[in-house]
Amino acid sequence: DMLKALSTGLEKQDFWLPFQTRRGCPMKCSYCSTPQIEGNFLRKKSVNRVIQELEGYAAAGFRRIFFVDNTFNIPTSYARTLCEAIIQAGLKISWRCILYPWKSDPDLIRKMAAAGCAEVSLGFESGNPEILGRMNKRFSPQEVRQFSELLKANKIRRSGFLLLGGPGENLETVMESLAFADSLELDALKLTTGIRIYPNTLLARSAIEEGIIHPEDDLLYPRFYLAKGLDEDRIFQMVENWAAERPYCML
């Protein structure tokens, strides 16, 4: 009874219970600290165990789940099996997750919707192919658009993320990314100008080579990368003005 009362109170506060089914990430994005924390090798919890744990949470009244896996759709086979198991178990939960917009799979998106997926975060970070390449992303803007359209068609809420100011960025590529994100007609968009530098990442290596940080900096106190040539005050003001005209944007 105490757990059910707690879950009811948290639900009223828009609380989503964090739940992780996989650890590690093999994607090696240039700025990401996950491989340093969890490793590059992907370790998956058995689907049967996931269902057992979700059943326990649902029985206690926790029916809104946030799958905090770095990339819910990698590997696709595991994600599909998990969705099928949720459907078969009749859990009647609502959940959100993070998708890596690479190799769109209409069947997986349909099964996600049928399994209770209510919202997806698309970390596409840029709308410019060259900047995506510098971030070591494996997808293109067109693949992002395909994912977005599939999610919308299946009535799954879409939130997106832009990381502006990384290596190679200039005013033109920033504007291209903003226009691209706008064209997706997302439900929500988080804008970040300047990218935090984490130790032992490709971004940290670039920052050292450019003299932005020193090799011995421990980076415990946040340091941020902003491409040379971008006027800091101007770019921040421009992005702030752009977001102010769009209620779905967050800074």
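This is a predicted model: local features need pLDDT of at least 70, side-chain atom pairs count only at pLDDT 80 or more; totals for chains, interfaces and linings use all residues.

Tutor: Residues are numbered from 1 along each chain as its sequence is written, and side-chain values use heavy atoms, with hydrogens and water left out.

Student: What is the volume of the largest pocket?

Tutor: On a 1 Å grid over the protein atoms alone, a pocket is an open set of points where a 1.4 Å probe fits, with protein on both sides within 12 Å along at least five of seven lines; lining residues have an atom within 4 Å of a point. Grid points are joined across faces, edges and corners, and a volume is the space filled by probe spheres set on the points. For the largest pocket this volume is about 750 Å³.

Student: Which element gives the most to the lining of the largest pocket?

Tutor: Helices (H or I, at least four residues) and strands (E, at least two) are DSSP runs, numbered from the N terminus. The lining has 30 residues, and Gly123 and Glu125 are among those nearest the centre. Elements giving two or more residues include helix 2 (34-38) and strand 6 (117-125). The most, four residues, comes from strand 6.

Student: What volume has the second largest pocket?

Tutor: Its lining includes Lys28, Cys29, Asn136 and Arg205. Helix 2 and helix 9 (202-209) each supply at least two lining residues. The volume of the second largest pocket is about 170 Å³.
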